[in-house]
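Subject: Structure handover

Hello,

Here is the structure you will be taking over. My notes on what was found follow below it.

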Amino acid sequence: GLILGNRQIFSQELKNSLNITGTSHIVAVSGMNIVILSNILMFVLIGLGLWRHQAFYFVLVLICLFIIMVGAPASAIRAGIMGGILLFAQKIGRLSSAARIMVFAGAIMLIFNPLLLRYDVGFQLSFLAVFGLIYLKPILDEWLNKILPSKFLDALATTLAAQIAVLGILIYNFGRISFISPLANVLIVPLLPYITAITLVFSGATFIWSFLGKILVWPTYFATTYILRLIEWLSKVPFAAKEISNVHWVWLVGYYILLIGFLWWYRKRKSRQNYVNI
C-alpha cells in the first residue's frame with residue numbers, strides 16, 4: 001500500500017483507521033503524497049551535503065521510477081507532474097514561480113479533460129497541496145523556526161501546509177475532519193521517503209536472489225509495523241475525528257476565501273514591515 005498504492009488486501013478496520021487519522025494518502029498514489037515525499041526527500045538530501053541541482057535530479061528520477069513501478073496510471077502521472085513542478089521551483093530557487101507553472105500545467109491538463117476540475121478530487125487535492133507548500137509552508141517555517149529549527153519541524157511545516165490547503169476539499173467530499181491528522185502525519189510522513197528509497201533500490205536484488213532481496217528490505221518491516229501500530233493506536237484516541245454530514249458548498253467557498261484572505265493579509269503585513277525596516 002505504501003509503495004504501490006494497493007489497498008485491496010486491507011481489512012475494513014485498517015481502512016477506517018486510515019480515514020480517522022487522516023493518513024489515507026500514504027497508501028494512495030496522489031499528488032499530495034508525492035509532493036510531500038519529494039519535498040521532505042529534497043530537504044534530507046540537501047541536509048546530507050548534496051547541491052540543490054544534484055538532489056533535484058535524484059528525486060526526479062526516483063519519482064519517475066515510482067510512477068513506472070505502479071503501472072503509470074493517470075492519477076500517478078498527474079501526481080508526478082505536480083511533484084516535478086515543486087521540485088523544479090526549488091531547484092531554481094524561485095518558489096514564487098511555481099504558482100505560474102502550476103497554473104500552466106493545470107491548464108494543459110484541463111485542455112485534454114475539462115471535467116477534471118469538477119469531478120476529479122485527486123486533481124483538486126494535487127493542486128491544493130502544491131498551493132499549500134508554495135504559500136503556507138514559508139509562513140509555517142517562519143513561525144516554527146522561532147521555536148526550534150530542526151528537521152522535525154520542517155516535516156511538521158510541510159505536513160501542516162498541505163493539510164490546511166486540502167482540508168476544505170476533504171471535508172466537503174468525505175464528510176470527516178480528523179483532529180489527530182497533524183500528529184499522525186508528522187510521526188509517519190518523514191519515514192516514507194526512506195521506505196520508498198530502500199524498497200526501490202534494494203528490491204532489484206530480488207532479480208539476482210530473492211532471499212537477498214528479502215534481507216535487504218528487512219528494515220522496512222520494522223518501519224511499516226511502527227506505522228500500522230501508530231495508526232491503530234491514534235485511531236482509538238477519543239475525539240480523534242468527527243463526522244460532518246451534508247456539508248454545503250457555501251462552507252467550502254467560505255473556507256478558501258478565508259484562507260486566501262489570510263495569505264493576502266500576511267503578505268501585505270510582511271511587505272509593510274520590510275518597508276519600515278528599509
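Please keep in mind that this is a predicted model. I start with helix H3, which runs over residues 52-69. Its 18 residues reach 26 Å from the first C-alpha to the last, close to the 26 Å expected at 1.5 Å a residue. The buried residues of H3 are Ala 55, Phe 56, Val 59, Leu 62, Ile 63, Phe 66 and Ile 67. They sit on the same side of H3, because they cover an arc of only 135 degrees around the axis. Just after H3, Gly 71 has a positive phi of about 95 degrees.

Next, the salt bridges, of which the structure holds 3:

- Asp 141 with Lys 137, at 2.8 Å from N to O. Both residues belong to helix H7 (residues 121-145) and are 4 residues apart, about one turn of the helix.
- Glu 142 with Lys 270, with the closest N and O atoms 3.1 Å apart. Glu 142 is in helix H7 and Lys 270 in helix H13 (residues 249-277), so this pair ties together parts that are 128 residues apart in sequence. Glu 142 is partly exposed at 27% relative accessible area, and Lys 270 is partly exposed at 23%.
- Glu 232 with Lys 236, with the closest N and O atoms 3.6 Å apart. Glu 232 is partly exposed at 33%, whereas Lys 236 is exposed at 58%.

Last, the surface carries a nonpolar patch formed by Phe 207, Ile 208, Trp 209, Phe 211, Leu 212 and Ile 215, with about 740 Å² of accessible area together. Phe 211 lies in helix H11 (residues 210-216) and counts as partly exposed, at 47% relative accessibility.

Regards

Methods: Residues are numbered from 1 along each chain as its sequence is written. This is a predicted model: local features need pLDDT of at least 70, side-chain atom pairs count only at pLDDT 80 or more; totals for chains, interfaces and linings use all residues. Side-chain values use heavy atoms; hydrogens and water are left out. Helices (H or I, at least four residues) and strands (E, at least two) are DSSP runs, numbered from the N terminus. The expected span of a helix is 1.5 Å times one less than its number of residues. Buried means under 20% relative accessible area, exposed over 50%, partly exposed in between (1.4 Å probe, protein chains only). The arc is that of the directions from the helix axis to the C-beta atoms. Patches are made of residues with over 30% relative accessible area and no salt bridge: like charges are joined within 9 Å, nonpolar side chains (Val, Leu, Ile, Met, Phe, Trp, Tyr) within 5 Å. Accessible areas come from the Shrake-Rupley method with a 1.4 Å probe; for residues, only the protein chains shown count as cover. A salt bridge is a side-chain nitrogen of Lys or Arg within 4 Å of a carboxyl oxygen of Asp or Glu.
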